[in-house]
Amino acid sequence: MQQANKLLKDVFGFDGFRMGQEEIVQSVANGENVLAIMPTGGGKSLCFQLPALLNDGVTLVISPLIALMRDQVAGLQQAGVEAGAITSANSEAENDAVVLALRERRLKLLYLAPERLSSFVTKSLLRDANVSLIAVDEAHCVSQWGHDFRPDYLRIGELRQFLNVPLAAFTATADEETRGEIVERLFDGRQPTTFLKGFDRPNIHLAFAAKNKPRQQITSFAAARRGQCGIVYCATRAKTEGLAKALRDEGHNARHYHGAMDPSERRDVERRFNVEDDLIVVATIAFGMGVDKPDIRWVAHADLPKSVEGYYQEIGRAGRDGARAEAYTLYGQEDIRLRRAQIDEGLAPADRQEADHARLNALLGLAEALGCRRKLLLGYFGETAEDCGNCDLCENPPETFDGTQDARKALSAVLRTEERFGAGHIADVLTGKLTDKVAQFGHDALPTFGVGREHTAPQWQMIIRQLMGHDFLRPDPSRHGALRITLKAHPLLKGEAPVMLRKDVLKPTSSGPKVRALVSDEDAPLFSALKAKRRYLADTASLPAYIVFNDKTLIEMAKRKPTSLDEMAMIGGVGAKKLEKYGREFLSVIIGDTPKQHPTRAKLAVSDAGALFDQLQDAQTDLNRGSDGTEKPLSCPTTMLAKLAKMKPQSLNDIERLIGTKRAERFGDAFLERIKQDR
Ligand code: ADP
Ligand code: ZN
């Protein structure tokens, strides 16, 4: 694994593996069949990219998204790795160049769109290409029951047999059923070495808020995060357009996105989102699969998602680079109504509908949680966790009260009005408000009329929303969404079970979670300057900004303020190639002028040989005219010094072999002393 660690630093610029990566890399590099389930942003690409560099031959990567492939190929090329993609989006000439590189066995990674698998040409090309591994990204696409089914994925198993090489499959979808299908279809039913990595995304801050002027809640959330890239998810197409406009009116760079737009228009938004570092996309969930941008700083839900899985997947798009990110979700009674209706009115069989209600319940439980949201969320995925300290409820534990009495009042008002009305009317009955409707149905004569005067009507609405969140009440689709009491509420009605409710949501605030800057106030100007430099470099090269350096790398630069290329090389995300390409540019932002350095010396920075090189150079300057300063000037070429610094020969003989007898006579002892001191 020593070699792996070196490549990790030199090529990818990372200081260490993330949790779980190392074992996966090891298994894949050993040629085992591997199934790895890791959350989005967990760093799965590295788990096949690094083994690809460790092994002989080329690694074939199958990925469902062309845009994603293009970015990974660009990223690898920037890092100095020979990679290419064959897709329908390439020109003929581009594809030809890739094929040539493959024939000449230069490629380390070949990305292939799944629809290419069926072509005969592809097969014969691959047979002669010395393929050492097939890596399958988004492996759940083989599942016919999933949302992302890709028929072409069914051909992968066949290809594996044909090439007779190991296969590594990656996915973020963990459920048992899908896993089984992957094993069946990709591995012929033989269980591969399986890794199930934790689902926690600790860098994403979680927050929910009850809707209260929701448009304003979203615009002020965005305003407090100006210049950051984010996604706002909405339940309807019309809303995406309205909200995007509202954001633009407030000076944000915002666009809408939904499934009814022209494909070309959609592609334009996708492209812009990918390359711009401050765009807000207001979208339906149609905006998702293709989003592979690591520096999305926040995801907001203007409407409640449809299930806890959906929520997890959508917020998971934020902060894939590991830097701080935020999820902010609004929810209200009408969301619960809408989502329940969508399930009830859908065409799924009854047991499926019940399962969908349960997934929605899990999300509502999260929305109405009384304690750490992450603990609850991870619990849903079968993981145990401590209070996280990075969610709104950990920061401000909610005040709760024994809501049993209130709940029973509300439920009995629902019963007495024959389960035929919505929350508004129930609240009127409870607060004793004589509306036309109350009079028309004679509800002022009910014993529950006016028994809830201690709360206002809006407060009752919020209690009712919490009861809906606990699944004590459900809107009945066959009665225009009138509230019906569920079986789950019976013990409560009979006084056999208590319920705790949240007090704070009775007095909603519209401020949203407080902003925590990515860098301290002090470092903020430098951070902006670094971002501006990044944008300039990215624009000039027509690359997405994060391909130059991602946010996490810039944040670390702004904090640690490297003053030399050596120090720059210590920043996470700065590998050898990027140091060479961009190091000086960013250094000049930090320290003004960059020191002049011989390019050979500059390259040593990442290999930790830089300091020794400087020592050797000093020693040689001292001895330029011999130890008494009277001899003929003599020196070693820079490349020779660099070689010494890298190889660290441990004897005079070894030094002589590298620099020749004459130089060894003059410098040998001094060099050896420095080399021995260098630890
Ligand atoms: P996913 O698992 O969603 O495919 P990626 O492979 O795209 O995730 O990785 C997400 C982000 O994490 C990328 O920006 C990548 O550069 C970064 N990353 C991956 N591995 C490491 C590591 N060991 N150290 C630091 N950053 C890493
Ligand atoms: Zn928490």
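The shell of residues around ligand 1 in this predicted model is made up of four nonpolar, eight polar and four charged residues. Of these 16 residues, the ones that come nearest to ligand 1 are G16, G41, K44, S45 and R320.

In the side chain of R18, an N or O atom is 3.0 Å from an oxygen atom of the ligand. The side chain of Q21 has an N or O atom 2.9 Å from a nitrogen atom of ligand 1. K44 takes part through its backbone, where an N or O atom lies 2.9 Å from an oxygen atom of the ligand. As for cover, ligand 1 taken alone exposes 560 Å², and the protein buries 84% of that.

K44 also belongs to helix α3, which covers residues 44-54 and contains Q49. Is Q49 buried or exposed? Its relative accessibility is 8%, and because the cut-off for buried is under 20%, Q49 counts as buried. One contact, of 3.3 Å, is with Q72, and another, of 3.2 Å, is with Y111.

Aromatic rings give another way to follow the fold. There are twelve aromatic pairs in the model. One of them joins F221 and Y328, with ring centres 4.6 Å apart and an angle of 5° between the planes. This pair counts as stacked, because planes under 30 degrees apart are placed in that class. Where in the chain do F221 and Y328 sit? F221 is in helix α9 (residues 214-223), while Y328 is in strand β13 (residues 325-331). The two residues are 107 residues apart, and the pair links distant parts of the chain. Both F221 and Y328 are buried. Elsewhere among the rings, F208, Y311 and Y331 are linked into a cluster by ring pairs.

The backbone is worth a look at two places. Most residues other than glycine have a negative phi. D471 has a positive value, with phi near 60°. D471 is located in the loop between α20 (457-469) and β15 (473-476). With a relative accessible area of 8%, D471 is buried.

K561 also has a positive phi, near 45°, and is a residue other than glycine. K561 lies in the loop between α24 (551-560) and α25 (565-569). How exposed is K561? Its relative accessibility is 34%. Buried means under 20% and exposed means over 50%, so K561, at 34%, counts as partly exposed.

A last stop is L579, which is found in helix α26 (residues 576-591). L579 has a relative accessibility of 5% and counts as buried. The C-alpha atom of L579 is separated by 30 Å from that of S132, and the two residues are 447 residues apart along the chain.

Note on methods:
Residues are numbered from 1 along each chain as its sequence is written. Chains are lettered from A and ligands numbered from 1 in the order in which they are written. This is a predicted model: local features need pLDDT of at least 70, side-chain atom pairs count only at pLDDT 80 or more; totals for chains, interfaces and linings use all residues. Side-chain values use heavy atoms; hydrogens and water are left out. A residue is near a molecule or strand if one of its heavy atoms lies within 4 Å of it. A polar contact is a pair of N or O atoms within 3.5 Å; within protein, one must be able to donate a hydrogen and the other to accept it, and residues adjacent in sequence count only if both atoms are side-chain atoms. Accessible areas come from the Shrake-Rupley method with a 1.4 Å probe; for residues, only the protein chains shown count as cover. Ala, Val, Leu, Ile, Met, Phe, Trp, Tyr, Cys and Pro count as nonpolar, Asp, Glu, Lys and Arg as charged, and the others, Gly among them, as polar. Rings of Phe, Tyr and Trp (its six-membered ring) pair if their centres lie within 6.5 Å; planes under 30 degrees apart count as stacked, over 60 as edge-to-face and the rest as tilted. Helices (H or I, at least four residues) and strands (E, at least two) are DSSP runs, numbered from the N terminus. Buried means under 20% relative accessible area, exposed over 50%, partly exposed in between (1.4 Å probe, protein chains only).
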